[in-house]
Amino acid sequence: MAGSAGERGYRYGLTASIPLSVAVFGFGISYGVLALSVGMGAFAPVVMSATTFAGSAQFAAASVLGAGGSAATAILAALMLNARYLPLGITVAPWLEGGFWNRLLHAQLMVDESWAIAAEGQGRWNPRVLLAAGFGIWVAWMTGTVIGVLFGDALGDPSSLGLDAAFPALFLALLVPQLKSEERETSVAGLRVGASPQVVAALLGAAIALILTPFTPAGVPIICAGAACLIGLGRRS
Amino acid sequence: MPDRPREAIVTTVWIVVIVTGIGTLALKAAGPVALGGRPLPERLSGVVTLVGPALLAALVAIGTLADGQRLVIDARVLGVAAAAVAIRLRAPVLVVVIVAAAVTAGVRALAG
C-alpha cells in the first residue's frame, strides 16, 4: 500500500523541483559566501550542505559562529530550526517503503521544498516525488554552495540582489496550495471560526512566530508556530 | 607551529558540521525509520495535515518581517506582496521568486 499514490513519479518530482532549485541554487551561493566570510573555510560549508542539507539551519549555525558563539550554541540553533523535520518525517513515514537504508535516504532528501512538492493533499505523500525533488534540490544546494565558497567575495551582496525576499515568496507559493480544503469552518476551543482548519492553522502559526520573534533566539518562533497544528486535535481528517 | 586560536576555531567548525549533520538526520529519520509503514492514528493525522500550513506561514512571516530578533517593515514586504499578486495570477513558482527578488532589489536600489 505504501507509495502507491497516483501516477506521479520521479520525472514529475524532478521537473516540479526545477523552479525551486533555481532559487535554492542562488541561496546556496549566498550560504557559501557567508560561511566563507565567517571563517568556516571552504571545505566545511560544502560538507555541511551535503550532510545537514537544511538552508535555514546552516545559515543560523554560520551566523552564530561568525558572532563568536560556541559550538554548542551553533548546534542548538541549527537543530532547533530543524526540529520541524520530526513532524514532517512523521507525515511522510506511512508512505515510504523498503528497508532501513531506503527510508534513511528518503529522510535525508526530505527538505521543506521536496516535502511540499510530494504532498498530494488529505495527508498523502508520494515517496518517488519526494526522492526525485529532494535529489534535484540537493544538487542545486551543493552546486550553489561550491560556487559560493569558490568565488566568495567576487559575487555581489545577496541582499542587494533581493535574495532574502525570494525565500518568504517561495514559502508563500508553497503555502497557498496547502490551504485548499473542503472544510468551511473550524472549531477552536469551542469557538466556531468561518475559515478552514488549514487557514486558521496558518494564521495562528504566523502570529505565534511574529509574537515570539523579539523574545526568543532565532529558530524558536518557527518551532513554536508548529503548535498551531494542535487545533486539529478534535478533528477527523 | 600553527597558532592555537585558529586551530580551535577550525575544530569548533568541524564539531558543528558533524554534530548538526548527525542530529538533523536523526530528526528527519525518526519518523520514517521508527514508524515504519504503519499509518498514523486518525487523531494524529488530523493534526499533522496542519503542520505544513502552520510552519510555512511562520516561515513566510519571519522571512518577510524579521531582521534577527527585530520586526521591521522594509523592502521585503513589497517584494513578498508582489509575489502574492503573481501567485494570485497563477504565475509559475520561478516567476514568483524572481518577482519578489526583483521588486525587493529595485526598492532597495531606489531607496539608496
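Predicted model: local features only at pLDDT ≥ 70, side-chain atom pairs only at ≥ 80, totals over all residues.
Biologist: Let's start with chain A. How many helices and strands does chain A have?

Modeller: Chain A runs to 237 residues, and 53% of them count as buried. Its secondary structure comes to 11 helices and four strands.

Biologist: And what share of the contacts in chain A with a separation of 6 or more comes from residues 24 or more positions apart?

Modeller: A contact here means heavy atoms within 4.5 Å. Take the contacts in chain A with a separation of 6 or more; the share from residues 24 or more positions apart is 66%.

Biologist: Now two helices of chain A. Are helix 1 and helix 8 of chain A roughly parallel or roughly antiparallel?

Modeller: Helix 1 covers residues 10–37 of chain A and helix 8 covers residues 127–151 of chain A. They pack with their axes 6 Å apart, at an angle of about 25 degrees. Angles under 35 degrees count as roughly parallel, so helix 1 of chain A is, relative to helix 8 of chain A, roughly parallel.

Biologist: Is the crossing of helix 1 and helix 8 of chain A left-handed or right-handed, and how do the contact residues divide?

Modeller: The crossing of helix 1 of chain A and helix 8 of chain A is right-handed. As for the residues of that contact, they divide into 19 nonpolar, 10 polar and one charged.

Biologist: Over to chain B. What pattern does chain B follow along the sequence?

Modeller: Chain B has five helices and two strands. Read along the sequence, they give the pattern α-α-α-β-β-α-α.

Biologist: What percentage of the residues in chain B is buried?

Modeller: Chain B has 112 residues. Its accessible surface is about 5,900 Å², with 70% belonging to carbon and sulfur atoms. The buried residues of chain B make up 44%.

Biologist: Let's zoom in on one residue. Is B:T20 buried or exposed?

Modeller: B:T20 is found in helix 1 (residues 4–35) of chain B. Its relative accessible area is 0%. Buried means under 20%, so B:T20 is buried.

Biologist: Which residues does B:T20 touch, not counting those up to four places away in sequence?

Modeller: Leave out residues up to four places away in sequence, and from chain B there is B:I15. From chain A, B:T20 touches A:M48, A:T52, A:I75, A:A78 and A:L79.

Definitions and conventions:
Residues numbered from 1 in each chain as written. Chains lettered and ligands numbered in written order. Heavy atoms only, no water. Axes fitted to C-alpha atoms, helices over the stretch in contact; angles between N-to-C directions. Parallel < 35°, antiparallel > 145°, perpendicular 65-115°, else oblique. Left-handed = near helix turned anticlockwise from the far one by under 90°. Nonpolar A, V, L, I, M, F, W, Y, C, P; charged D, E, K, R; others polar. Buried < 20%, exposed > 50% of the residue type's maximum accessible area, 1.4 Å probe, protein only. Areas by Shrake-Rupley, 256 points an atom, 1.4 Å probe, with all protein chains shown as cover.
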